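I opened this notebook to record what I looked up in one structure, entry by entry. The sequence and the structure come before the entries.

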Amino acid sequence: MEHGPITLGKEQSAKLLALGTRFFLAAALTASQTPGGYAPFALGLVAAAGPGMNGAAALTGAGLGALLFMDFAGALPFLATGVLILTAATAFQGSQKLTRPGVAAVTAAGLFLAVGGIYVLQSLSPLRHLTPCLAAAGLTGAAAWFFCPVFRPEEGRSAPDGLLFLAAALILALADLEVLGVSVGRTLLCVLLLYTAYERGALAGAAAGLGLGLTADLCAGTSSGVFAAGLGLAGLLAGKCAPRRRGEAALAFLAASLVSLLPSTEPLAEPLVLEAAIGAGLFLLLPGRLFGGKRVKRQEAGNPASAGQQLKERLTKAAGALRELYDSMGRTPKTNEENPAIIFDRAAERVCRGCALCDLCWQREYTGTFNAMNDATPLMLERGRMMAKDLPKHFSDRCIHLTEFITAVNGELSAFLLRRQYRRQLEETRRSAQGQYAQLSELLTATAAGLGEAVPTAGEGAFACRVGAALRPKEGETVCGDTVTSFQTEAGQWCLLLADGMGSGEPARKESALTCRLLQQFLEAGIAPEAAMKTLNSAMALRGADTGSFTTIDLCVFQPATGDLAFYKYGAAPSYLKKGGTVRRITGASLPAGLRGGPASPDVTRLRLEPGGFAVMVSDGVTDPGRDEWLQDLLAGWEGEDPQALAGLILSESIRREKLQDDCGIQVLYRAEEKRKV
C-alpha cells in the first residue's frame, strides 16, 4: 500500500507530459504553413492524437498556434476543421477499424476539403485557390498517417518514419528565419536528409529527399520543383555512400545539389546550394555516437571468419556450462526414502499422548508395541490402508482407542504415500532433466566442432556412389510403414536412412517419415550423427509417453573421399557389407528409438567400404534376423553393379520366402570401381 502514491504520481506525470507534448507540438506545427495560409501539419497532429484528452490537448495547442501565427480569416476555418476532426475521432472511438491510421488520414483530409472547399467556392478566384487547398488537404492526410505511429504506439506500426516527418514539419516552420541570407529551416532540413540517407540507404534517402523537397516546394510557393529535384538526387547519392565514411556521403550530397540546382533559373536555387554546403558541414560535426550502430555492422560484415570463431567459442562455452550443470546434478546427494515408522509416530502423537495406557504401550511395553507396528507395516503398505486384523491380538485387545488409532494411521499413511510418490516423480524429472542437459551439451559441442571443420571437396581419389531402394507394404495394406531416404550433406557425406514405424499402415508410415525428416534436418545442419540420433531418441521418448509408439532407426553414413563407413542403429535389423563373394553382417543390441528415455547411445559400427563394395540395409520385414542365411548367400553370389537391381532382387526373394508378413524396406549403397571425373 505504501507504494500506491508513488505509482500514481508517476502515471499522472506521464499523462501530463503526453498532454503537454501534444499541446506544444500542435502549437509549433501551426507555424509551418503552405500557400493560402493553411497549417496542414497541425491538423494532422490533431487527427493522430485521437479522441479524449489527447485530442483536446492537441486542438488547444493548435488554437494557441492559430492565435500566434495566423490571421482571423485563416484561423476560423482552421479551428473549425480541427473541431470536426476531434468530433469524428470521438464518434469513432468505439470502433477499432475506424480509428486506424489510414481511416484517420482519409477522415482528416476529407474534413479539411469539406471546410476549406466552402471558403474556396466563396472566394473571388476559386480556381486559383483550389490547388493550394487540395495540396494542403493531401498534406493533412499524410501528416495524420505518419503521426499515428508516433502518438498511437499501440497501433503496432514503426515510428521512425513518423518521427522523420515530424522533425521535417517542425523545421519547415523555420524556413523563413534567415541569418545572413541563409535559411535556418532549409539548412537544418539538409542535415536531416543527409543523416537519414546515410543511416537508411539509397532508397530511403531518395524517397525522403523527394518527399521533403515537394513539401518544401509547396511551402515556399515554387512551381519549378527546385527543392524536389535537388533534395531527391542529393538523398539518393548520399544513401549510396552509406557503407563508407561520412565525408564521402557529405561530398556526394553537395555534388548532387550542385548538379541539380546550379543550372536552374529559380531564385531560390543559389541560396539552396549554399544551404546544402552548410548542412553538409553540420552533418560532419554530428557526434560520432549517433553512427555507432552502423560501424559495428560494417565491422562484423567485413570479418566473417572472426564472427564464425566467436560463434564457435560461444557454443563451446554454452556446452561447457550445460555439462557442468549436468555434473553438478549428479553430485547432488539423493534424498533417502522416508521411514514408514513416522506414520505410527505421528498417529501416536495425535491419539496416544492423552491415553491412560500411554506409558504402558510406549515405555514399559515399547518392544512389543514396536514389533506389532513393524509386523503390520508390509500389509499396510501393500493394501494402502491399515485394518484391525493387521495388528497382533495382544495389541488390539489392549488398545482402548483402537478405532481412533487406525483412523489416524490411515490418514498419515495417505500423506506418506503421496510424499513418496511426489519424491519419485521428482527424482524421475531430475534424471530426465539431467539427461537433457547432457544431450544438449553434446549437441552444442558437435555443432561448435563442425564450425571449425573445412568442408571436404571431391578430388581425384573420390569414387562415384550410387543408391538403390525398394519398398513394399505388408499384405493387405495400401501404404508401407517403412521409410527410406538418402541425401548428401554439404560436407560431402552420403547419408542413408531406413526407419521402421511400430505396426503397419498409415500410422506407422507417419512415425517413420517424421523420424527420417527430423534426422535429416539434424544431419544437414552439420550435427554429428551420434549426437543427432541421441537427441532424436530423447524427443521420441517424450512423444512415446503419450502415443506409446516407437521406431527403429538404421543410419548409414559414408564419406566417398576416404571410404569410411559407419552404421548407427536403434533396434534396427542387421545390415550387410559385401565385397566380391565376402559378406559381413552388422548387428546391434540397442532398443528402438522412443522406448528408452535419457541420452541412450545407438550401436555404432565403423568400417571401410572398398571400391566395388555394397552396403545393404533392410528392415525386419525383409527377413527374420535369426534365419537370414538366404540373404547372405544371395549377396555373396551377386555379381552385378546396379544397386537398384540388387534392391529389387532382394525384395522379390523376400516376398517369395516371407509372404509379406510385414512391411519391407531396402536401401543399397554401391561404391563404383572407376574414379569420378572431376
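**Entry 1: a nonpolar patch**

The members of the patch are L174, L177, L188, L274, I278, L282 and L285, and together they have about 590 Å² of accessible area. Patches take residues with over 30% relative accessible area and no salt bridge, joining like charges within 9 Å and nonpolar side chains (Val, Leu, Ile, Met, Phe, Trp, Tyr) within 5 Å. Areas come from the Shrake-Rupley method with a 1.4 Å probe, and for residues only the protein chains shown count as cover.

I then looked up L174, which sits in the loop between helix 7 (160–172) and strand 1 (178–179). L174 is partly exposed, at 33% relative accessible area. Here buried means under 20% relative accessible area, exposed over 50%, and partly exposed in between (1.4 Å probe, protein chains only).

**Entry 2: basis and overall figures**

I recorded that this is a predicted model, in which local features need pLDDT of at least 70 and side-chain atom pairs count only at pLDDT 80 or more, while totals for chains, interfaces and linings use all residues. Residues are numbered from 1 along each chain as its sequence is written, and side-chain values use heavy atoms, with hydrogens and water left out.

The protein has 23 helices and 12 strands. Of its 678 residues, 43% are buried. The protein exposes about 34,400 Å², of which carbon and sulfur atoms supply 59%. Among contacts (heavy atoms within 4.5 Å) with a separation of 6 or more, 70% are between residues 24 or more positions apart.

Side chains of opposite charge can pair when their charged atoms come close. I counted a salt bridge where a side-chain nitrogen of Lys or Arg is within 4 Å of a carboxyl oxygen of Asp or Glu. By this rule there are 15 salt bridges.

Which residue meets E338 in a salt bridge at 3.5 Å, N to O? The partner is R423. This pair links distant parts of the chain, with E338 in the loop between helix 14 (304–331) and helix 15 (341–351) and R423 in helix 19 (residues 402–451), 85 residues apart. E338 is buried, at 19% relative accessible area, whereas R423 is partly exposed at 21%.

Leaving out residues up to four places away in sequence, E338 touches R346, F416, R419 and R423. Its side chain also makes a polar contact with that of R419 at 3.0 Å. A polar contact is a pair of N or O atoms within 3.5 Å; within protein, one must be able to donate a hydrogen and the other to accept it, and residues adjacent in sequence count only if both atoms are side-chain atoms.

**Entry 3: helix 23**

I next looked up R656 and E653, which form a salt bridge with the closest N and O atoms 2.4 Å apart. Both lie in helix 23, three residues apart, about one turn of the helix. E653 is buried, with a relative accessible area of 17%.

E658 forms a salt bridge with R627, the closest N and O atoms being 3.1 Å apart. E658 lies in helix 23 (residues 643–658) and R627 in the loop between strand 11 (614–618) and helix 22 (629–637), so the pair ties together parts 31 residues apart in sequence. E658 is buried at 6% relative accessibility, and R627 is partly exposed at 42%.

Methods: Helix = DSSP H or I, 4+ residues; strand = E, 2+ residues; numbered from the N terminus.
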